[in-house]
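Below is a short briefing for someone meeting this structure for the first time. Please look over the sequence and the model before reading on.

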Amino acid sequence: MPGYGANPVSGGNSVSHEPHVEDRGHSGLEGLREVAEENRRLIESLDVHMEALTRRVCPTCRDVCCISRHGRPAADDLVYYKALNLVPPPSEPDRPDTSPCHQLGASGCRLPRAERPYRCTWYFCTPLIEALDRLPARQARVLDAQLSRLSSARIRLVETHAAIEADPLHPDPYGR
Ligand code: SF4
Ligand code: SF4
């Protein structure tokens, strides 16, 4: 599905600097928890804006994106949930990919935004992008900056986890 921008957690992002082992005390599990908390704060701060946009466009949508396949947590979501001691939403692998997501209720998603799979916040369909384009310039700039910060924080989450995985002295308790 198209997104607001390139998926920040795919496309070959890699750890550009392998930290020394002694650096990893902080950039390890504690660092992962901190960056996951940062992700959560940024997602929560986006919620009011995203809700305003989706309220405008989703009620008339004829191709609702909240299908089972999109509601399943990705591997990186599982890292995020685990770092924050959150219970991931069930994957329901037996549910057909294109059937309505089991989190979808009469008033939209039942999950708090920060507990949804990342793609549920990052996904911008064409009507959402058009609604974004109609925002007053200042509001659009603020939202764009928030999305940029979230994208960077998500990359840091993935990189921090990758660094833990790569460190033979720190077996990854968040293994995927
Ligand atoms: S986000 Fe876009 S595709 Fe998804 S339900 Fe709303 S309008 Fe439809
Ligand atoms: S926003 Fe909620 S209902 Fe929609 S796909 Fe994501 S988890 Fe499912």
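**Briefing on the predicted model**

By class, the shell around ligand 2 holds seven nonpolar, three polar and one charged residues, where Ala, Val, Leu, Ile, Met, Phe, Trp, Tyr, Cys and Pro count as nonpolar, Asp, Glu, Lys and Arg as charged, and the others, Gly among them, as polar. This is a predicted model, in which local features need pLDDT of at least 70 and side-chain atom pairs count only at pLDDT 80 or more, while totals for chains, interfaces and linings use all residues. Residues are numbered from 1 along each chain as its sequence is written, and chains are lettered from A and ligands numbered from 1 in the order in which they are written.

**Overall layout**
- The protein has six helices and two strands, taken as DSSP runs numbered from the N terminus (helices are H or I with at least four residues, strands E with at least two).
- Along the sequence these elements follow the pattern α-α-α-β-β-α-α-α.
- Of the protein's 176 residues, 19% count as buried, a term that requires 20 or more other C-beta atoms within 10 Å of a residue's own, with C-beta atoms placed from the backbone.

**Ligand surroundings**
- Around ligand 2 lie Cys66, His70, Gly71, Cys101, Gln103, Leu104, Cys109, Leu111, Arg116, Pro117 and Cys120, a residue being included if its C-beta atom, placed from the backbone, lies within 6 Å.
- The residues around ligand 1 include Thr54, Val57, Asp63 and Cys125, and by class that shell has eight nonpolar, one polar and one charged residues.
- Helices α1 (24–57) and α5 (126–133) each supply at least two residues of the shell around ligand 1.

- In helix α3 (residues 75–83) the buried residues are Asp77, Val79, Tyr80 and Ala83.
- Seen down the axis of α3, these buried residues fall within an arc of 155°, so they line one face of the helix; the arc is that of the directions from the helix axis to the C-beta atoms.
- The 30 residues of helix α6 (residues 137–166) should span 44 Å at 1.5 Å a residue, and its end C-alpha atoms are 43 Å apart, which agrees; the expected span is 1.5 Å times one less than the number of residues.

**The nonpolar core**
- The largest nonpolar core has 10 residues, among them Leu32, Val79, Leu157 and Ile164, such a core being a set of buried Ala, Val, Leu, Ile, Met, Phe, Trp, Tyr and Cys residues joined through C-beta atoms within 7 Å.
- Helices α1, α3 and α6 each supply at least two residues of this core, and α6 gives the most, with four residues.

Conventions: Buried ≥ 20, exposed ≤ 12 C-beta atoms within 10 Å, placed from the backbone.
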